[in-house]
Amino acid sequence: MSKEIIVDSLTKIFTQGKSKLEVLKDLTFDVNKGEFICIVGPSGCGKTTLLKIICGLEEPTYGKVLIRNEPPNPIKHRFGMIFQEDSLLPWRNVIGNVKFGLEIKGYNKKESEEISRKYIEMVGLKGFENYYPYQLSGGMKKRVAIARALAIDPDLILMDEPFADLDAQTRSLMQRELLRIWFGVGKTVLFVTHNVEEAVFLANRVIVLTKRPSRVKSIINIELPYPRNRLSQSFISYREKILKLFHEEMGVSEFGT
Amino acid sequence: MKYHINYLFSFLSIIVFLILWHLFSIIINIPYFPSPISVIKAILEIALIGDVDKYTLAQHIYVSVERVLLGFSIAAITAIPLGLIIGIKPLIKDTITPIIEPIRFIPPIAWIPLAIVLLVGITRYIFIIWVGAFFPILLNTIAGIKRTSNILIQMAKSFGSSRNQIIYKIIIPSSLPEVMTGLRVGLGVGWMCIVAAEMIGGEPIGLGRLIIKYAGLLRLDVVIAGMIVIGIIGMLMNYIILAIEKRLFKWRQEIIIT
């Protein structure tokens with residue numbers, strides 16, 4: 001079977017003057033088409049950098065990333081990248097923001113209008129089309145960013161801690177919503193999080209990274225049917241297993257998550 | 001309710017200021033130093049009857065505003081595109097900065113001798129006002145472009161935006177508020193150059209000219225009247241652009257400390 005993403009001996013070193021920061025070291029894994037992958041690891045371990053290399057925003061120092069056997073190319077490959085930071089255009093209202101990706105991809109006005117409305121409704125923001133980002137809460141902004149990424153019908157959805165600033169209730173709602181979308185369209189999803197429970201709830205496979213310079217510590221297949229029950233014994237044992245790997249990396253002092 | 005209190009305070013402070021001024025003019029007792037009453041009389045005199053050359057206040061204002069707007073428009077047309085290019089192309093910035101940096105610290109007044117020798121008529125006024133307005137617009141435009149959020153550019157790139165799309169859809173709209181601030185400051189500085197500019201013009205009309213004419217006659221009441229009119233018009237122009245800014249850039253959250 002052809003792989004959707006191949007990450008092969010990927011190393012990323014940031015140089016600033018004489019100091020070098022090795023963020024990713026010899027990272028290797030691959031992703032099948034339609035898979036939902038969660039990447040977890042200690043903060044500062046280069047998860048964001050990994051996503052940026054995969055969607056072509058950063059260049060690898062050594063090694064390579066291939067998307068369907070080609071180097072990442074945002075013009076050719078359709079990436080739906082959802083950044084950790086607020087990435088809405090503050091001068092555009094909700095629908096204007098959702099249209100942005102469609103404009104870049106060359107959809108005409110009528111199409112982008114229709115598609116945007118559909119995705120705004122999907123993320124539960126119907127009625128907010130004409131609101132500006134400053135009028136929205138953090139969670140709503142995130143949902144606009146998700147709608148914008150999904151609207152272009154991406155081949156690959158890349159999400160960088162998308163639900164980190166959401167309250168627990170919205171977060172759980174968005175997780176279920178994301179799974180629903182994923183079931184519906186069968187997209188490949190790469191989802192970065194530091195929340196182990198979230199990873200077990202969402203992913204086919206969870207990739208655990210070591211602390212910086214990050215390598216792949218472990219890849220765990222989550223063999224649980226969807227929708228998953230967070231209280232089931234098997235769910236909890238997966239969570240414990242990954243948490244243990246995670247805490248080995250973080251040192252003993254950090255719990256939570 | 002709050003606004004009414006603010007207006008009341010503003011009104012009161014003006015009244016107090018006028019009273020203090022009046023008392024001061026009585027105490028120092030110099031015949032040339034005008035009291036607020038004689039200044040108000042002077043404003044009415046110039047407004048209704050006209051000055052020694054029969055030009056009314058409205059005519060002076062009209063001519064000065066016209067000159068400033070001309071110089072300011074040329075400054076905007078030259079400074080905004082240049083700022084855009086400097087902001088986007090680091091190489092051009094490095095080339096042009098050593099020339100621009102020292103020039104921008106030359107006050108507009110220092111350009112007057114050059115303008116007298118090299119230029120004639122209205123081009124003199126326009127040149128001086130252009131010098132005053134150009135740099136605030138240029139520097140704010142560059143600053144606006146520099147402040148474009150990197151995350152927005154990365155977002156655009158992740159969708160496969162071309163360089164031009166990034167410039168037109170991200171960089172330009174995101175720097176517009178700063179460009180507008182530059183225009184507001186530039187218009188203010190241009191306006192403040194009006195007296196200097198009109199000093200070197202031949203025509204006996206314009207607010208700056210009015211002040212200079214009456215300074216020669218030792219009529220400080222009219223001089224101060226002219227100064228006050230210049231101040232008020234500058235303030236009004238600033239308010240107008242501020243109001244436009246507020247309408248246009250509602251998306252820019254304002255920080256209000258109460």
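This is a predicted model: local features need pLDDT of at least 70, side-chain atom pairs count only at pLDDT 80 or more; totals for chains, interfaces and linings use all residues.
Over all chains, the structure holds 16 aromatic pairs. One of them joins W182(A) and Y226(A): the ring centres are 5.4 Å apart and the planes stand at 65 degrees, so the pair is edge-to-face, given that angles over 60 degrees count as such. W182(A) belongs to helix α5 (residues 168–185) of chain A, while Y226(A) is in the loop between β9 (216–221) and α7 (233–250), so the pair ties together parts that are 44 residues apart in sequence. With a relative accessible area of 8%, W182(A) is buried.

Both rings are members of one aromatic cluster, which also takes in F36(A), F163(A), F183(A) and F191(A). Y226(A) has a charged neighbour as well: R228(A) lies over the face of its ring, at 4.1 Å from the ring centre.

Chain B is made up, in secondary structure, of eleven helices and zero strands. Its C-alpha atoms fill a box of roughly 75 × 55 × 30 Å along the principal axes. Of its 258 residues, 41% count as buried. Among the contacts in chain B with a separation of 6 or more, 70% come from residues 24 or more positions apart.

The accessible surface of chain B is about 14,600 Å², and carbon and sulfur atoms account for 73% of that area.

How values were computed
Residues are numbered from 1 along each chain as its sequence is written. Chains are lettered from A and ligands numbered from 1 in the order in which they are written. Side-chain values use heavy atoms; hydrogens and water are left out. Rings of Phe, Tyr and Trp (its six-membered ring) pair if their centres lie within 6.5 Å; planes under 30 degrees apart count as stacked, over 60 as edge-to-face and the rest as tilted. Helices (H or I, at least four residues) and strands (E, at least two) are DSSP runs, numbered from the N terminus. Buried means under 20% relative accessible area, exposed over 50%, partly exposed in between (1.4 Å probe, protein chains only). A charge sits over a ring if NZ of Lys or CZ of Arg is within 6 Å of the ring centre and within 35 degrees of the ring normal. Contact means heavy atoms within 4.5 Å. Accessible areas come from the Shrake-Rupley method with a 1.4 Å probe; for residues, only the protein chains shown count as cover.
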